[in-house]
Amino acid sequence: MFGNLFEEEEEEGLSSTAFRGRVAKGGDEPPPPRGRSNLCGIKNQGGTCYLNSLLQTLLFTPEFREELFSLGSEELGSLEDQEKPGAKVRVIPLELQRLFASLLLVDQQSASTADLTNSFGWNSSEGTNQHDVQELNRILFSALEHSLVGTTGSTFIHQLYHGTIVNSIVCKECGNVSQRQEDFLDLTVCVCGVSSLQEALWKMFVEEELFEGNNLYRCAKCDRLVTAAKSAKLKKLPPFMTMSLLRFSFDFAKCERYKEMGRYCFPLTISLRPFCEEADGDDSDYSYELFSVIIHKGGCYGGHYHVYIRDIDQLGHWEPPEEECKPKTQKKVKEEVKQICEPKLQEDDPLSVITAIIAQEPSKSVLLDQLGQKLMDKIGSSWSKKFRKHYGPIGKFLQSHSDVFMLVSNGTRVAVKANPPSPVNDPLGSAEQTNNSDPSTPSDPGAADTQPGLDQKPEPEQKQGSHWFDLNDSTVTSIRESDIEKQFQGKESAYMLFYRKTQLHRPSEALNNPKYKVPLNLIQMAQEENVKVQKMREEFEATNNTVELRLHLAPSFRLENGALQPTGKEQNGSTTLSFDRRKTVGDLRLAIYQMQELWEGDMALTVARILPAGLHIYFFFADDSISLYSAGICTNSELFVWNGREVRGATVLTGAEWEPVLLNVVRLGNIGNLLGKGEKKKDPEERGSAVTRNIREEREKKKGGKKKKKKKGGGGAPRRDNGRRRRLANKMKPPRGVVFFRVFTSVFLTLLSVFTLNGDVVTVTTPSDCRWLQVEFSPHGGGVKGDKEEERRKVKVPATGNMLLCEVKQRAIDELQLQEQLSGAQYCLRQVDCIGKLLPPACEELSVRDAGVRLMTTLNLCPGNAPKASQLFLHFSVGTEPSAGMEMDIIVEKTCTVKECLKEMLDAAGLEGTCWHLRRLDWCEEVGEPIMDEDASLSELKINNGETLVVTEGQLPPKGFLKLFVWLYLDPRNNSALSMDFNHTDNGLTEEQMLEVVTAGETHGHSPPLGASNIAELRNAGQVEISDEATLEDLKIQVLTLPALQDVCVPTTAFMRVWQLEGRRLARILRGQQLTLKKLKLTSGTDLCVQQLLKEEDLGPKDVMLNIKMGVPGERCYYPPEELVWDATRDSSPRSLRTCLAAHYGLSPDSLLLAKHQPDKHTWEEISNWSQQASKKKKKKKAESLLGAPFHLKDGDTIGIKNLLIDNNRDFLTLEDERGQQRLREQAEQRRNGGQTAGSDGVGPQKKTGPTKSRKPEVALSISVGVFR
């Protein structure tokens, strides 16, 4: 019920194409219509899949639905009157009626349960809490019974679901029978230790429990302890029998819950006669048939519910899955194979099992990588557990039985040979299988007559009311009855079973009639809702399908230098037309005819484009019957309207190969002015490169000053296009002696010879040998570096800038002769960057030019799908940072929201849960800030094609706010009064609210007479929510407002110290009163500790607060610790610390011996003095910094001091340190011996024995009901 399992899935069919991936231009998007199943799903509010599954089951229980609809407003009241004082409105049944009517009659993909859950008294957070569907079933029935008190429907729950069990105890000595009746609405049956529902019922109602030995029964008649037998029987059977499978159990050895995932069968039809007290009635009185299965997917702490339901009233449109859509002969072949193989299946024989699996496949072959999963589905156990010990790996087993199995499809699939010497098939069976091995070959008509059961008419889709559907929140799909068997076991398995008596028959008028017995007011409400929704859809479709077209009329243009130019200088010759893109080209032509009343002759519509050189025509619309959408017409498309032959008497050349290009050329007086006096010695190629750069800059100025993006691989070489005519037009005249052109010097000399003073137009044609693209194919899909050079195959494909990339790919596949090798596989074209890394796949719907692919470059043919023009190709990785080689790829719509994208990434990675969010990479390719707006689309966030996102575990932090947990530091040395006050005011704290924390480095090593304990207690003071832009001073002020700190009095915030906790340790002091929390790198969920000071404190960035302890002379203990602030700004060497300590104690620096305490190891690390010289020739060795390795001094560290003038003991170890080391050795020995690690010593942080995932606290499920008695 958590995570991506809550996300709404799109309905198949219409909704996925018509409503997904489009952004409304204005207004709200209407709900999508029902899918092909014609059934309505229910929206998930975040965690209400358990509610949705139960509501769908009740809806498809016709008797329940009709009893609910039979209650009128005179008994239930009206929802419009619920706000009136004194009105008794039974809100829950009214909202349930409305929901059922909406599910039956309103044309929408999914209905909302928000009004119903509001009537339950649930708040917004209840929609995300997980609950048990069996618990909901009982609470909902109880709420309905209380809501219907005093109405004619007060007993309908009791009539439909109530049953009675009789518990009997029989005395073995006197025969006295003691009985007690027990009512039930549903039966909870055991799963652990049984393999089927019948076996569980047999243990409950047939087998007797004996009271004997030490467990005797006191008989009321014998008045003593006797041997007795206890049993239970069903006395009264309800019309509907609900079975709850007890799949969740508790392991008392591990003290944790677990889910039973073993195989547990249940029948489609069951007789309860053996389990009843009285069994004298007809068989139909005890016969039940299955009509609903609620399925749970996940573990015992979270998951997802959906439901399989049999459509009794035939309200939905059932479509057979693909296998059942095959010809009848294929079904017969499948039945023959099933009859031959299944009865003789031996689960202990792997040869028999694999042969049966392959025979049941429609293609008579199985993918090698799917064989293991199919084997587990078949026998309920994996190959490794059942067969590997005796037969080795499954691949080796197949190779050793080459007389039975063969590899096909380039070794990717395994099939059975025509006549295998297998124990599964006898000679007759082998012959039959051989003759019918090809599913596409029609079988002998006479042969079917000899096969019993093949021509029997009952097909699953023929039987009345036998259609099954999978209702998974908003999604409704058709399933086969045999699919129920897949829910017998595994992580996704049946959880609740709903049976109905076979005696219950439906009237013919109820079939295919969703309005049957629905009140008229609810039918009218549904009709009004349908009219409203239909109007919304029409407005939405009209708004989103209206495109703005720019029409260019031929009378307003003339042909000049190969391009169309407007006749007037002020007008551009265009007209704007708004048109529905769903209409055809013929409709558009007619609309233009009506606009242009004076138009004479033929009218041709062509796609045009405005280029710097002018307007150019590309292609005609050949078919008037196609829609503008199919023709690729979108908003701001340019259309040229003309007669299709000429413009003002001039013939117009159309197509991409005649696309004009404008070049600006400055005339020369003589060639000497070009070279200049100072350039005579320059290399010709160098001059050509220079003038090439000048003309590029001048073209950018001409286009409006827009800076052109520099493409990869760009250089001084001219751009070459596909066989296009280039037009040199003289449009600008800068000062004489300067020339701009896009060709090298050798071409430039040729151009000079054809220029005249009057300015001729020169045509330059790109050589035809430049119009190609090279496509590389790697057999193993290894990309550029994945295969050896000789293994890669290359081909040059003729291409133009207007050619679609899908055509380039198809030509490459044809020339490389890869049709058979790539059959059924998806391949795409990908470019390679300068370092050999594959770029994202190119969109094959675009042309070479529009996709940004340059001619005479190389494309790689790689496995995978190519994104469409409306899609993005993204990389993603799971974890706190992207890891090379572990990235995965995904293709999503640009209009997809961040939440939908995260769901698809979690599905692709096989992850579940809600505690995930997305982060982008920063410019250093490191994990950056989280994407906060989960409802924004990828295009709105400017997430580009090929970008890498990181799926990070944890809830998305609130925007701009931090949630910080605050603890109060109680030090007995300085805050005894505060400690007493705090204990007086908060004496009811739990163990979680009171921690014993040791300041880093303290050891309790002093003797009792010398000082108080060094233990500091932390008391939970609450939590604060504060902006990350707030300062540290703001944080201190807000912390002081907590109720737990009302007795803490400080003159200013400088008398308060704030620590950051890591684990159970005081890690660092937050310093800088005016620094923001963001700069202090505080994140949401951080634990902080506040400490009251006796004097003001303003620590600098390099000030270190140390706990210093002077050793007691002649004893292995220390005086009470003191706090010392050491300024390490200028000098952080041992000499600086020793000088600071000497000044503090009034001693000589050379008489002090220092050591840092390591509390985790219970050792002391001596700090030496680096003042000696290595040699006279070498420089004096640089003093080491105590802030770096190996000491890494930080706030709260403990420094031990020995005064060598009066203390000759240079050993810093105390008795407590030796005891701590002994405990560490014992723990290490236990780990080596396989024992469990001993408990923590109370000093260091507790190490976790395994990864523990924080779970949401479980809350009780309840439904609020008014008083109607």
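I sorted the lining of the largest cavity by residue type and got 7 nonpolar, 2 polar and 5 charged residues. A reminder to myself before going on: this is a predicted model.

Next I looked at who sits around that space. The lining of the largest cavity holds 14 residues. Lying nearest the centre are Lys1036, Leu1070, Arg1071, Glu1097 and Leu1099. I then checked which elements give two or more residues to this lining, and found helix 27 (1032-1039) and strand 47 (1056-1062). Strand 47 gives the most, with 3 residues.

How many cavities of 30 Å³ or more are there? I noted down 7. For the largest cavity, I wrote a volume of about 90 Å³.

Then I turned to the backbone. I stopped at Gln817, where phi is near 55°, a positive value in a residue other than glycine. I placed Gln817 in the loop that runs between helix 24 (805-816) and strand 36 (827-832). Is Gln817 buried or exposed? Its relative accessibility is 66%, and the cut-off for exposed is over 50%, so I put Gln817 down as exposed.

My second stop was Met856, which is not a glycine either, yet has a positive phi of about 65°. Where is Met856 found? I traced Met856 to the loop between strand 37 (838-841) and strand 38 (858-863). The relative accessible area of Met856 is 29%, which falls between the 20% and 50% cut-offs, so I logged Met856 as partly exposed.

Definitions and conventions: Residues numbered from 1 in each chain as written. Predicted model: local features only at pLDDT ≥ 70, side-chain atom pairs only at ≥ 80, totals over all residues. Heavy atoms only, no water. Helix = DSSP H or I, 4+ residues; strand = E, 2+ residues; numbered from the N terminus. Buried < 20%, exposed > 50% of the residue type's maximum accessible area, 1.4 Å probe, protein only. 1 Å grid on protein atoms, 1.4 Å probe; cavity = no way out; pocket = protein on both sides within 12 Å on 5 of 7 lines; lining within 4 Å. Points joined across faces, edges and corners; volume = space filled by probe spheres on them. Nonpolar A, V, L, I, M, F, W, Y, C, P; charged D, E, K, R; others polar.
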